[in-house]
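I hope they are handy while you have the model open.

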Amino acid sequence: MKIIIGCLNHEANSFATDPGTFERWHRTNFVAIGDEVWEYKDKKGAHLAGMFDAAAEEGVEVVPSIFLAGAAPELTREALDRGVGIICDTIRRNPDADGLCFCLHGAGIAEGIDDIETYTMQRMREAAGKNIPIAISCDLHANIKPEMLREADAGVFGMKQYPHIDKYETAYLAMKTLIGKLRGEVDPVTAYCPVPILIPCSGANTLKYPMKAFPDHMAEYCKEKGLIDVTFFNGFPHGDTPNTRCSVVVVGRRGQDVQACANELGKWVWEHRHETDIELYDAAGAWDKACEEAAKPGDGYVVINEASDNPGSGCPGDGTGMLRELLRRNEKGTIFGYIYDKEIFEKACAAGIGGKVSGLLGGKSDHCHGEPVPIENAVVRALSDGRGIYLTPNKVGQVVDYKGLARLQIGNAEVIVAGTCANQTYDDRPFLLTGADINQYRIVILKSCTHFRAWFESRAKAIVTANTPGNSAENFALFHYKKLRRPIYPLDPDMEFNPE
Ligand SMILES: [Zn+2]
């Protein structure tokens, strides 16, 4: 038996203004094609390791096609077709393949296509033959569409945890179920219940209650009913489509009333919608709250995560909302890791360690994330080539390349500047690579919604989320949605919903 595998993940931020080219798509992650994908075989923080292992256990041959995962603006057709084309070429070179097992994010958008997952599966079927079974492993932030369920006839499986520490398990189950279907051992059926809620990403941390209750409840229900899989998909609120919302997807065996199960769980989610409400702090409010937390008894640093300029949600990573506040407060024991600015990084390299840098920092990618901030005679404290290996559980073993890092002293504060936007800050890598031990600071600022929590939740004294102006900000009323289906909570707080 032979199964073609791959990962073509795109999370679309509809409010981003830069072009969604192929290069932009994989800017925050590496792209691997063909045999290069084997590199991910043992990387349990990556999507495909679970597929490799499940296939090996069953003695099934796998042929990898592509690994490409990134949040970005809506893609150009050229970018999408380049990614899909690589998969279809692999399929055509392997006409004897029995099945297709793919990581498809579930919130991808391209020019004229609101649902790139269905488009990708249809193109794959054209190349492989109409009846080839497909199983897909999706991101928790998938905006699920009914067409996806129809194409993925061997099941739609989803991550349950945010931070996404269960990519491996999700991909493993997708592969196992596909193999079971090909052997005639299981006949999976999938149903879903869309629930009209926009869930703020920064409030959806499943490491803690209240949101921990959501995957816990789904897991208990799955076990109790003898289903194959149940996922509560949060949806991705910054992708503007008619299917942008959360949902419950149930994979069961033929004969089980999976639709009734999905509806019952959809009702449960709706009844718990107030658990998804969050408090929103602007830059000054976040700073004050962080100082309040830092003054409490106990050791350790307080993290301010600037969720509204999250490169992992398709934002540029050079927004200046928190940067401006940090420099205005000018307090000792504070550090920002990191902000992307190639120009300032190069100036720091030219000045050398101990040299001085002046110019405009950040705010250069677009007009949505604050104006550039003038800096004068910032002292270069450290320089690094910016290459490291992640330690955080959701990226463990993977290489990160900031294309250079400079740690600058600006007044009393320290700011780490990167040569590229190498995704959100997941762990202490940008700090450590520039010789900064975060345990020596009082307030640590970084750009991320929730993934950073996989590493920081147990280490930080407290965490405060900043909602500065940006394309992953969470006061949804500020965004001009064109396609979003209304009514939807919390934009329409008094609406009623019943999945029956
Ligand atoms: Zn996600």
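1. The structure holds 41 salt bridges, each counted when a side-chain nitrogen of Lys or Arg is within 4 Å of a carboxyl oxygen of Asp or Glu. Please keep in mind that this is a predicted model, where local features need pLDDT of at least 70, side-chain atom pairs count only at pLDDT 80 or more, and totals for chains, interfaces and linings use all residues. Residues are numbered from 1 along each chain as its sequence is written, and side-chain values use heavy atoms, with hydrogens and water left out.

2. Helices (H or I, at least four residues) and strands (E, at least two) are DSSP runs, numbered from the N terminus.

3. Asp114 is partly exposed because its relative accessible area is 26%; the cut-offs are under 20% for buried and over 50% for exposed, with partly exposed in between (1.4 Å probe, protein chains only). Lys483 is also partly exposed, at 40%.

4. Lys212 and Asp216 make another salt bridge, at 2.8 Å, N to O. Glu57, Glu58, Lys176 and Arg183, meanwhile, are linked in a salt-bridge network.

5. Do have a look at Ile116 in helix H4 (residues 116-128) too. With a relative accessible area of 2%, Ile116 is buried.
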